[in-house]
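Biologist: I am new to this one. Please show me the structure, and then I will ask how you know what you say.

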Amino acid sequence: MELCIGAARLSSGNQTDHATELAIVDRCRKQDYEAFGKLVDAYQNRVFGFIRRMVSNPDEAADLTQDVFIRAFQSFHRFDGRCSVRTWLFRIAYNLCVDRARKNARSPSEVSLQGTTEIDETFDVPDARWQPDQIALDSEMATAIESAIATMSEKLRSVLLLHDKEDLPYEEIAQMVGVPVGTVKSRLFLARAHLQQHLRNYLQAEVS
Amino acid sequence: MFEKKEVEMDGLDMTEKELDLQLGSDAQQLIRQAVRGVSDEPVSMTWRSELNQRVLASIQTKQRKRRFAWIASPTLGLGLAGALAVLMMTNTSPGSDPIKLASSSALEESLVATHKDSVSYGDITGVGLNPDEVVSKRSAAASYEFGEVDFGSL
């Protein structure tokens, strides 16, 4: 099986890609440098994107992303295959971010949960005309989303990114973060509500 | 089936079913799509190059460790065996210790006595005979009875 073809398909999740991923993982377990390179090609941007949003310093984020892949390469023999490589890599990334936060002993800028629980029930959804999965977000909107995510607490941010950005299931996020599934859901709800509040003006202007 | 289990985390006071419904609402799904649509910043070529170097260094370190283990494990085994042998030798009983036996006074006395006997036998019998031969020849000479022929030959 050609790894070049497989690595490009790793991001999606059909049966063929799963088989390709298994073949690459098998080679990575044997410390195959080339196979590991394909894996890095497939996931480097996504892992870096996650860490970049969890860590404010871009240089530190780049270093942490390297640490994720180095750690993965060194401990591939411990990868049991019960979850996907993607989940495993994000788990390593999440743990490194948590470790880094502990080391820096920096208190994250927590968002008041009382404030975020005030959900705007009158929020209009222009679903008929505005279909976000079909149109590209412009740079202004993207900047607004990025800044809104940056003002979130790390707990809410990690769950939001892992679920909405990386499309990981609740159960895997719960296992990764070490909280019950219900807690993951409530955090996701609060994170989206926080984002909704920050993007409200922009979205209304977009609609009008 | 409606679940009564309440999710009371982070100030939320609603059942899990209600929470699922809220998460599936259009407003929440809109935000989900917006987050999903944000593009990831690509990593630089320099970053990738550094990662490759680190991975290669990691491989070399592992190989070095394997090589060291391959050399070190038999060496360690031999060393352990040697140490055990030395330990066994030093822990033997004092009576059978050849060094202690050699340094004991009884052996010295025995050696001196043997040497003195040897010298005295040598004085009597001359060089080339051992003490046993001297003794046996003496006794043989003592029991020999000379005949007339013998005296004649003398």
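Modeller: Start where the chains meet: 43 residues of chain A and 33 residues of chain B make the contact. This is a predicted model: local features need pLDDT of at least 70, side-chain atom pairs count only at pLDDT 80 or more, and totals for chains, interfaces and linings use all residues. Residues are numbered from 1 along each chain as its sequence is written, while chains are lettered from A and ligands numbered from 1 in the order in which they are written.

Biologist: What makes two residues count as in contact?

Modeller: Their C-beta atoms, placed from the backbone, lie within 7 Å.

Biologist: Which element gives the largest share of the side of chain A that touches chain B?

Modeller: Helix α10(A), with eleven residues. Helices here are DSSP runs of H or I, at least four residues, and strands are E runs of at least two, numbered from the N terminus.

Biologist: How is that side of chain A made up by class?

Modeller: It has 20 nonpolar, 13 polar and ten charged residues. Ala, Val, Leu, Ile, Met, Phe, Trp, Tyr, Cys and Pro count as nonpolar, Asp, Glu, Lys and Arg as charged, and the others, Gly among them, as polar.

Biologist: A:Y202 lies in α10 of chain A. Why is A:Y202 called partly exposed?

Modeller: A residue is buried with 20 or more other C-beta atoms within 10 Å of its own, exposed with 12 or fewer, and partly exposed in between. A:Y202 has 16, so it is partly exposed. A:Y202 touches A:M141 and A:A144, not counting residues up to four places away in sequence.

Biologist: Why is α5(B) said to lie largely in the open?

Modeller: Because the number buried among its 21 residues is zero. Across chain B, 8% of the 154 residues count as buried. Just after α5(B), B:G126 takes a positive phi of about 90 degrees.
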